Amino acid sequence: MSVTKLENPNPSASETDRAGYARLVTAAAGGDRDAMERLLMRAQEVAYRFSLLVCGHPQDAEDVMQDALLKTYRYVSRIKEPEAFRTWLYTTVQNACRMKRRRHVGEPAHLTSIEQGATGGDGEPGPVEVEGHSRPADQLLIDSWVSGRLRQALKALPPSYRMIVVLREMEGLSTREVANVAGISEANVKTRLHRARVMLRHAMEGV
Amino acid sequence: MNMDVNPECGAMLAGISAYLDGDLDATACDAIERHCRDCSRCATLVDGLRETIGLCREAGSAPLPEPVRQRAKASIERLLACENPIRS
């Protein structure tokens, strides 16, 4: 059986993306209103995807988007390293998701933070059920946005693995950027990504 | 998850992500491709992973649902109207 490698968007596409973000940040910081608008829209897009796909809390998405909007606007005015913007943005969104969860009163015991996950018998994080309730209208939007099969499979992953998949495969961050956002080594990112891909594949076969 | 693999399949599996990411040299790629020609289970796994990764990348490029996008745009307009004016 013949196999072909993926057309890999990394690292070249990742580098292009990072450079694109850096140009946009520099232009926005220099007073370009159109660049600022595009940057703020991107920040909110990142926040929306991260809220839904990593944290699995559709009801938090718009609050996290607002947080990303305001923080990005303030950050750009004092930017020193435009190249580091993307890492800063994903770290900020991740923190906003965590803070949002902590502020919830009466949070159900089964909810688990992104970095924790449940630990299985082999010391690896086990799957964690994520909360999935949202307003019916929002659920319709979400269903039409990303395939239900993929979202269900993502839910089956431990949160820390889910984040690696989303950042690397969906958001197109480089291994180094993912390592910076997740606070783990690049080698660990690669290991988790490999395991997550296999787990995701198995989960997709089951849904 | 445990595929009860033989050593050759195990070696293949260990390098499969690097292979799919284009991180392996030509010799290592050839070894994997040769193995997959003879091992339908590994070949199926490689194809399945490729499909899964493709679906993820497709989802990552999906634009925001239009109502969400409209609300995001309105938030930006409100923020820029309230904060210090930025040059056009």
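Contact here means heavy atoms within 4.5 Å. The views below all come from a predicted model.

View 1. The size of an interface is often given as the accessible area lost when the parts come together.

**View 2. Salt bridges and polar contacts link chain A to chain B.** Here we look at the charged and polar pairs. Across this interface there are 5 salt bridges. One pairing to look for is Glu45(A) with Arg69(B), whose side chains meet in a salt bridge at 3.1 Å, N to O. Polar contacts between chain A and chain B come to 12 residue pairs, with both residues at pLDDT 80 or more.

**View 3. Helix 3 of chain A packs against helix 5 of chain B.** Two packed helices are described by the angle between their axes and the distance between the axes. For helix 3 of chain A and helix 5 (residues 66-82) of chain B, the angle is about 35° and the axes are 11 Å apart. Their crossing is right-handed. From chain A, helix 3 brings Glu62(A), Met65(A), Gln66(A), Leu69(A), Leu70(A) and Tyr73(A), and their partners in helix 5 of chain B include Val68(B), Arg71(B), Ile76(B) and Leu79(B). This helix pair's contact has 9 nonpolar, 2 polar and 3 charged residues.

**View 4. A salt bridge within chain A joins Arg49(A) and Glu171(A).** Over all chains, the structure holds 14 salt bridges. In this one, the side chains of Arg49(A) and Glu171(A) meet at 2.6 Å, N to O. Arg49(A) sits in helix 2 and Glu171(A) in the loop between helix 7 and helix 8 (175-182) of chain A, so the pair ties together parts that are 122 residues apart in sequence.

**View 5. Helix 3 and helix 4 of chain B cross at roughly 120°.** The axes of helix 3 (residues 26-38) and helix 4 (residues 40-60) of chain B come within 6 Å. This crossing is left-handed. Helix 3 of chain B contributes His35(B), Cys36(B) and Asp38(B), which meet Ser40(B), Cys42(B), Ala43(B) and Val46(B) in helix 4 of chain B. By class, this contact has 4 nonpolar, 2 polar and 1 charged residues.

Conventions: Residues numbered from 1 in each chain as written. Chains lettered and ligands numbered in written order. Predicted model: local features only at pLDDT ≥ 70, side-chain atom pairs only at ≥ 80, totals over all residues. Heavy atoms only, no water. Salt bridge = Lys/Arg side-chain N within 4 Å of Asp/Glu carboxyl O. Polar contact = N/O pair within 3.5 Å; in protein donor to acceptor, adjacent residues only side chain to side chain. Axes fitted to C-alpha atoms, helices over the stretch in contact; angles between N-to-C directions. Helix = DSSP H or I, 4+ residues; strand = E, 2+ residues; numbered from the N terminus. Left-handed = near helix turned anticlockwise from the far one by under 90°. Nonpolar A, V, L, I, M, F, W, Y, C, P; charged D, E, K, R; others polar.
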